[in-house]
Amino acid sequence: MPIARGRQFLAIPGPTNVPQRILRALDRSPMDFTTPEFAEVAKEVQFGLRRIYKTEHDIFIWASTGHGAWEAAIANFYSPGDKVLICETGAFSEWWKEMAGLFGLDAEYLQGDWRMGIDPDQLEERLKADKAHEIQGIGVVHNETSTGLTNDVAAIRKAIDAAGHPALLMVDTISSLGSMDFRMDEWGCDVVVGGSQKGLMQHAGLGMLGVSPKAIHRAEKATTPRRYWDVRRSMQAPIHMRNPGTAPAHFFYGLKEAIDFLEEETLDGVFARHARLAEGVRQAVAAWAKGGAIDFYVKNPARRSNSVTAVEMTGPVNSDTFRFACRDDFNVLLGGGLLQLGGKVFRIGHLGDLNEPMVWGTLAAIEATLQRLIIPHGPGGVDAAIKFLAAR
Ligand code: PLP
């Protein structure tokens, strides 16, 4: 194995690059988390996260991965036997649905096309057929990280309203929060799952949940056993002491720094940067696709994600062979395919603390790997990305 020199390019769709100033903020000794100093930081995180979620409601934060926040979304608001409808989008919807089933919920999967995204009309039809309002919750992955597809949450809310259905709307924003516009209150979301390690530019380690008053009301009645995740219990504590047990205090300092960083750029600026860099990546993939051996996995161009692009390898080369070559030869790390996409797609993460040269570097390594492995591809992918991103 050759010795890797120079900077490694982390181009997976999370965890993402952690900027130096956030690393510095995280770098502190254990502390007494009951002090006024920490209370101030915890409050700033609570209110800062509300601005990023675009909500006036409570946000609960745990020392956990996104899986923990998923579990909190399931455990808090339902009782065993309750029906929830999870919309199929890819690997992450699949795992969330599986988790709901393990908690004893009647988890129905609204079948969907991984390449096209959630069809709001289909959802509306299913909800209209539920005349007795048995469905208690609807689960949607805003940005399906396994396929690189962003669902239209506003259109999904409209479909729920058109059906006059009272189910809770649960949204997973793990790979969209802090990278793409998300509007919890305007879009009528009740339970919003987030994680620290993507757009929020942290290590994995914090899971969070935005919760509407309607969902809090449901939590009062839900009988699923829970302790660590219990939002009712957390709400009895002051706003800066809601984390059950010892607060992972250094993470709060890191998150406060991340929120400051995002707000200095402005949220609209952050979203515009992600959209631009994503389009640069798409220009390159579109050029390569002309060779016939690779293509966008997502067939609905309007839904291609601004945080991750899944590239399908349609020829004989396994996508893991491809991305391991890119890793071993050029020290550029790409994401792999999940579940049935294993060996078939590689994923380019383009979210978090990222600029043009980082995107160009990643794309150049991909193009070089296409050449080395003699994979047919159209010329000029990197040039197209340079041209697009060089324009002001
Ligand atoms: N949901 C989505 C959309 C994700 O992308 C991920 C992780 O990548 C998760 C859930 C699970 O989060 P974690 O890996 O932090 O448990």
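How far is an oxygen atom of the ligand from an N or O atom in the side chain of Thr 65? Select both: the distance is 3.0 Å.

A word before we go on. This is a predicted model, in which local features need pLDDT of at least 70 and side-chain atom pairs count only at pLDDT 80 or more, while totals for chains, interfaces and linings use all residues. Residues are numbered from 1 along each chain as its sequence is written, and side-chain values use heavy atoms, with hydrogens and water left out.

**Stop 1: the ligand**

Stay with the ligand and pick His 67, where an N or O atom of the side chain is 2.6 Å from a ligand oxygen. Next comes Thr 145, with a polar side-chain atom 2.5 Å from an oxygen of the ligand. The protein buries 88% of the 390 Å² that the ligand exposes when taken alone; such accessible areas come from the Shrake-Rupley method with a 1.4 Å probe.

Now show the residues around the ligand, among them Trp 70, Phe 92, Asp 172 and Lys 198. A residue belongs here if one of its heavy atoms lies within 4 Å of the molecule. By class, this shell has four nonpolar, six polar and two charged residues. Ala, Val, Leu, Ile, Met, Phe, Trp, Tyr, Cys and Pro count as nonpolar, Asp, Glu, Lys and Arg as charged, and the others, Gly among them, as polar.

Colour helix α3 (residues 66-77): it gives the largest share of the shell, three residues. Helices (H or I, at least four residues) and strands (E, at least two) are DSSP runs, numbered from the N terminus.

**Stop 2: the sheet of seven strands**

Select the strands in the order β2-β10-β9-β8-β5-β3-β4, and you have an open sheet with mixed pairing. Two strands pair if DSSP finds at least two bridges between them. At the edges stand β2 (58-63) and β4 (106-110); each has a single partner strand, so one side of each is left without a neighbour in the sheet. From one strand to the next, the twist averages 20 degrees.

Zoom in on β9 (residues 191-195) and β10 (residues 206-211), which run antiparallel and are joined by five bridges. Look for Gly 194, whose bridge partner in β10 is Met 208.

Angles run from 0 to 180 degrees between N-to-C directions, with axes fitted to C-alpha atoms, for helices over the stretch in contact. Contact means heavy atoms within 4.5 Å.

**Stop 3: the sheet of three strands**

Move on to β11-β12-β14, an open sheet with antiparallel pairing. Here β11 (294-296) and β14 (345-349) are the edge strands, each with a single partner, so one side of each has no neighbour in the sheet. The average twist from one strand to the next is 30 degrees.

Five bridges join β12 (residues 308-313) to β14; to see the pairing, find Val 308 opposite Gly 349. Helix α11 (residues 319-330) packs on this sheet, touching β12 and β14. Helix α10 (residues 267-289) lies across β11, β12 and β14, at about 140 degrees to β11.

**Last stop: two backbone details**

Which residues does a cis peptide bond join? Select Gly 14 and Pro 15, where omega is about 0 degrees. Pro 15 is in the loop between β1 (9-11) and α1 (20-26).

Finish at Lys 54, in the loop between α2 (36-53) and β2. Although Lys 54 is not a glycine, its phi is positive, about 55 degrees.

Technical notes
A polar contact is a pair of N or O atoms within 3.5 Å; within protein, one must be able to donate a hydrogen and the other to accept it, and residues adjacent in sequence count only if both atoms are side-chain atoms.
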